Amino acid sequence: MNILFVASEAAPFAKTGGLADVAGSLPKELKRLGHDVRIILPFYKTVAEGGFAVSGGTHEIEVRLGGSPEQGVLRQTALDGIPVYLLENDRLFGRDFLYGTPTGDYPDNPRRFAFFCRWVLELLGRLDFRPDILHCHDWQTALVPILIKHEHGDDPLFRNTAVLYTIHNLAYQGVFPPDALTGMGLDRSYLALDRLEYYGGINLMKGAILSADLINTVSESYCREIQTPEQGCGLDGVLRERRGDLSGIVNGLDYSEWDPAGDRELFSSYSAASLEGKRANKKGLQRLLGLEQSAQTPLLGIVSRLSAQKGFDLVARLLPRFAAEGLQLAILGSGEEKFVRLLSGVAGQNAGHVSFNFGFDPALAHKIYAGCDIFLMPSHYEPCGLGQLIALRYGTVPVVRKTGGLADTVLDPRESPEPTGFSFGAYSSHALWGAVRRAILAWRDREGWETMVRRGMGTDFSWRHSALRYEELYRRGIEKRRG
Ligand code: ADP
């Protein structure tokens with residue numbers, strides 16, 4: 001099959017979260033399965049300055065949006081032999097951040113990503129590559145299925161092209177006031193209830209859900225949850241309407257990036273067969289973060305976006321208790337200012353026990369995954385979650401809230417004779433503390449703990465299984481499209 005990934009980020013070129021991991025790793029597995037897969041994303045400043053071998057300046061295409069037209073040029077790079085197309089428009093994408101500064105989103109985001117989507121469709125008419133599948137992700141690329149349905153209905157170019165739309169996080173829907181339509185090159189007809197209309201404004205994700213051939217999300221539990229009013233973020237009705245075309249596939253991990261046996265960021269490499277190196281990583285991390293270098297003290301870790309979704313209110317409330325019980329906690333996070341203030345405050349009062357590191361720091365992230373005993377992910381909701389999968393791979397036992405992908409990937413001793421971690425149900429610091437306490441008790445039994453560690457490390461969370469499921473979904477999409 002010919003597959004084009006249309007995404008607003010893909011690792012290692014541009015990354016703010018899990019979407020980038022997926023868009024940068026699933027294509028590699030699909031290529032291994034024999035498909036011709038390619039990726040297209042905006043040529044951000046981070047890509048331009050990232051030291052990648054970029055060629056191009058071809059296909060200068062002008063796109064008409066409201067106001068003045070926008071020009072885009074095609075550049076190209078590669079990811080393990082996969083062609084990566086880059087749309088260059090310096091005014092719209094040559095900025096310091098992908099979507100906005102720490103103080104807020106770029107106000108012209110609807111126009112930036114409308115341009116991206118329109119430009120991709122224009123490009124496909126001129127490229128010597130006919131995709132069977134356009135695999136689109138999140139609100140930034142929602143306009144691709146919307147435009148194909150409403151503006152290219154009779155276009156022979158797309159007659160045999162199916163669109164799969166993947167929701168990585170339902171909370172970010174691309175909701176804008178109605179006057180954003182003009183800048184996106186859309187007329188008022190899009191303000192209809194069966195198109196983009198949403199409480200008087202427009203909702204791009206809603207439009208994509210209604211227009212794509214198939215829709216999926218990144219775990220089976222999350223797929224069920226988002227169809228309920230409690231977790232549907234206002235789109236549960238639309239999702240239920242399309243439930244026959246909606247499914248859940250859990251994300252895989254890029255095992256070439258996440259492998260404790262060959263990870264150059266670590267103090268020492270290790271594997272399930274030989275855990276000695278893991279102890280060296282704990283010591284190294286304690287030293288690096290100014291925590292007491294003690295093998296006898298449980299070290300807990302967090303690597304995360306700082307947002308309400310990730311359960312930081314629960315964590316902040318428990319920090320003094322962690323310190324009082326003699327535990328250590330290493331936190332790495334970037335994101336919302338209010339959590340930076342909250343966590344630095346509480347961490348400051350519990351120095352020696354809690355190390356709060358603000359920033360997006362992949363090298364430190366690897367060290368935390370490897371050096372900790374326990375990894376915390378008390379998310380309010382979690383579409384899939386990669387942190388717990390990485391932790392499992394690095395022999396760091398996850399303590400998670402039982403929701404979305406966390407519920408699908410972490411097995412608690414209360415529900416499985418072969419547990420890999422600990423989970424709790426109620427969203428409360430009391431319930432989180434209960435799960436942490438059970439984990440610490442288990443940690444004190446060295447032999448039992450190492451069995452659990454090895455079981456987690458041995459569970460296959462590579463893309464192998466999930467890529468096969470995507471292959472199946474693509475086939476279904478093509479059949480559906482070709483009727
Ligand atoms: P989300 O996509 O909601 O942010 P995921 O768990 O799906 O959460 O993916 C997060 C990815 O980003 C993981 O690869 C994680 O290691 C990485 N990450 C998150 N925060 C940081 C940070 N501050 N520094 C480095 N990597 C981070």
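**Notes on the ligand site and a pocket**

1. The ligand is surrounded by 22 residues, with Gly18, Arg305, Lys310, Gly359 and Tyr369 the closest (near: a heavy atom within 4 Å). This is a predicted model: local features need pLDDT of at least 70, side-chain atom pairs count only at pLDDT 80 or more, and totals for chains, interfaces and linings use all residues. Residues are numbered from 1 along each chain as its sequence is written, and side-chain values use heavy atoms, leaving out hydrogens and water.

2. One is 2.6 Å from a polar backbone atom of glycine 18. The side chain of lysine 15 has an N or O atom 3.1 Å from a ligand oxygen. For the side chain of aspartate 21, that distance is 3.3 Å.

3. Alone, the ligand exposes 570 Å², and the protein buries 92% of that (Shrake-Rupley, 1.4 Å probe).

4. Domain 1 (2–252 + 464–481) and domain 2 (276–459) both supply shell residues, so the ligand lies between them. The bounds come from an automatic or database domain assignment.

5. The second largest pocket holds about 390 Å³ of space (1 Å grid over the protein atoms alone, 1.4 Å probe; an open set with protein on both sides within 12 Å along at least five of seven lines; lining residues have an atom within 4 Å of a point). Its lining has 20 residues; Arg279, Lys282, Ala295, Asp373 and Arg446 are closest to the centre.

Note on methods. A polar contact is a pair of N or O atoms within 3.5 Å; within protein, one must be able to donate a hydrogen and the other to accept it, and residues adjacent in sequence count only if both atoms are side-chain atoms. Grid points are joined across faces, edges and corners, and a volume is the space filled by probe spheres set on the points.
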